[in-house]
4 protein chains.
Amino acid sequence: MDRPAELDDVTARGYTADKDVYLKRLRRIEGQVRGLQRMVSEDAYCIDVLTQVSAVTKALQSVALGLLEEHLGHCVGSAAHQGEEALEAKLKEASDAIARLVRS
Amino acid sequence: MDRPAELDDVTARGYTADKDVYLKRLRRIEGQVRGLQRMVSEDAYCIDVLTQVSAVTKALQSVALGLLEEHLGHCVGSAAHQGEEALEAKLKEASDAIARLVRS
Amino acid sequence: MDRPAELDDVTARGYTADKDVYLKRLRRIEGQVRGLQRMVSEDAYCIDVLTQVSAVTKALQSVALGLLEEHLGHCVGSAAHQGEEALEAKLKEASDAIARLVRS
Amino acid sequence: MDRPAELDDVTARGYTADKDVYLKRLRRIEGQVRGLQRMVSEDAYCIDVLTQVSAVTKALQSVALGLLEEHLGHCVGSAAHQGEEALEAKLKEASDAIARLVRS
C-alpha cells in the first residue's frame with residue numbers, strides 16, 4: 001500500500017517473489033474473518049461458526065507452511081554456505097517456528 | 001451492523017449473551033490479519049510472519065473453544081431434555097465439529 | 001488383566017461397551033510405537049520416522065475423539081438430568097479436555 | 001536390541017548421535033500407551049484417559065520436532081552443498097513432513 005520505495009530493493013526475503021500470492025491469500029482470510037463477524041452478529045448456528053473457524057485456521061496454516069518452505073529454501077539454504085554457525089542459528093530459529101506451528 | 005431487526009428475537013444461540021465479546025475478539029483477529037498483510041507487503045522477516053500467524057491461529061482456536069463450550073451447554077444441554085434421539089444427533093454434530101478443530 | 005472383580009459392576013463409563021474396541025486400537029498403537037523404536041534403532045531415514053510419528057499421533061487423536069463423543073453422550077447427557085450445576089461442572093471439565101486435545 | 005553390526009557404520013542419519021535419547025523417549029511413550037490400555041481396561045474416568053492421551057500426543061510431537069531439527073541440520077545442510085536441485089528435493093520432502101505434523 002504505502003510501502004516506501006526503497007523496500008523494492010529488498011530481495012533477501014524468501015517469499016518476495018510470491019508476495020502478491022500471499023497478500024491475495026491473506027486478503028481472502030481477512031474476508032473470511034469478517035464473514036465470521038457477520039455470522040456471530042446474525043446469531044448463526046454455533047456449529048456453522050465453528051466450521052468456518054476451522055476453514056480459516058486451515059487457510060492460515062497453509063500460508064504458514066508455504067512461507068516456511070520458502071524460508072527454508074532461501075534463508076537456510078544461503079546460511080548453509082556461510083558456515084556451520086550461521087546454519088545452526090538459522091535452523092534453531094526455523095525449528096522453534098515449526099514447533100509453534102505444530103503446537104498452535 | 002445492518003443486522004435485520006427480527007433477529008433480535010433469536011435467543012436460541014448459546015453464545016448470544018456474549019456476542020459482543022466474540023465480535024470484539026473477531027475484530028481484533030481481523031486487525032491481526034491486516035497486520036500480517038502489512039508485514040508481507042513490507043518484506044518482514046519470514047520467521048516474524050510465522051510467529052504472528054501462530055498468534056492468530058491461537059486466537060481463532062480460543063474463539064472456537066469458547067463457542068463450543070457454550071454450544072455444549074445450551075444446545076446439547078437442552079437436547080438432553082428432548083430425548084435420546086435429539087441428544088444423539090446434537091452430540092454427533094458437536095463431535096464432528098470437535099474433530100475438525102482437533103485436525104485443523 | 002488383573003482388573004479387580006468389583007470393577008465389573010461399573011457401568012458409569014461411557015466407553016465401557018466398546019472397551020474391547022479401544023483396547024484393540026491401543027494395542028495397535030503400542031505396536032506402532034515399538035515399530036518407531038525399531039526404525040530409530042536401525043537408523044531409518046528421518047522423514048520415514050516422522051511419517052510414522054504422524055500416523056501414531058492421528059491414531060491416538062482418533063481414540064481420543066471416540067472416547068470424547070461417548071463421554072459427552074453418557075456422562076454429560078446424564079448430568080443434564082441432574083440439574084444445571086452438575087451439567088455445568090461436567091461441561092467445564094469436557095471443554096478443558098477438548099482444549100487440551102486441540103492444543104496438543 | 002539385535003541391531004546388525006554393519007549398521008554401526010551408518011552416520012548419514014541426523015539423529016544417530018542421539019539415538020539412545022530417542023529410544024529412551026520412545027520406550028517411555030510405549031509405557032504411556034500401555035498405561036492407557038490399563039486405564040481403559042480398569043474403566044478409568046473418560047476425562048482422565050483423555051488427559052493421558054494428550055500427554056502421549058505431546059511427547060510424540062516433541063520426538064518429531066527433535067528429529068526434524070536434526071534432519072534439517074544434517075540432511076538439508078549437506079544437500080545445500082550438493083547444489084540447487086538436491087537442496088530443493090530435500091526441502092520439498094521436509095516441508096511435506098512438516099505439513100503432516102502440523103495437520104496431525
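This is a predicted model: local features need pLDDT of at least 70, side-chain atom pairs count only at pLDDT 80 or more; totals for chains, interfaces and linings use all residues.
**Entry 1**

I then looked up what sort of residues make up the contact of α1(A) with α1(B): 14 are nonpolar, eight are charged and four are polar.

**Entry 1: a bridge between chains**

Next I turned to salt bridges, and over all chains the structure holds 20 of them. I picked out E30(B) with R34(A), where the closest N and O atoms are 3.1 Å apart. This pair crosses between chains, with E30(B) sitting in helix α1 of chain B and R34(A) in helix α1 of chain A.

E30(B) has 8% relative accessibility; the cut-off for buried is under 20%, so E30(B) counts as buried. R34(A), at 37%, counts as partly exposed.

**Entry 2: a bridge inside one helix of chain D**

Which residue does E30(D) meet in a salt bridge? I found R34(D), at 2.8 Å from N to O. Both E30(D) and R34(D) belong to helix α1 of chain D, residues 19–41, and they are four residues apart, which is about one turn of the helix. For accessibility I wrote down 8% for E30(D), which makes it buried, and 37% for R34(D), which makes it partly exposed. While on these positions, I looked at chains A and B too: salt bridges that share partners join E30(A), R34(A), E30(B) and R34(B) into one network.

**Entry 4**

My last stop was D96(A), which forms a salt bridge with K92(A). The closest N and O atoms of D96(A) and K92(A) are 2.8 Å apart. Where do D96(A) and K92(A) lie? Both are in helix α3 of chain A, residues 84–103, with a spacing of four residues, or about one turn of the helix.

Is D96(A) buried or partly exposed? Its relative accessible area is 33%, so I put D96(A) down as partly exposed. K92(A), at 41% relative accessibility, also counts as partly exposed.

How values were computed. Residues are numbered from 1 along each chain as its sequence is written. Chains are lettered from A and ligands numbered from 1 in the order in which they are written. Side-chain values use heavy atoms; hydrogens and water are left out. Ala, Val, Leu, Ile, Met, Phe, Trp, Tyr, Cys and Pro count as nonpolar, Asp, Glu, Lys and Arg as charged, and the others, Gly among them, as polar. A salt bridge is a side-chain nitrogen of Lys or Arg within 4 Å of a carboxyl oxygen of Asp or Glu. Helices (H or I, at least four residues) and strands (E, at least two) are DSSP runs, numbered from the N terminus. Buried means under 20% relative accessible area, exposed over 50%, partly exposed in between (1.4 Å probe, protein chains only).
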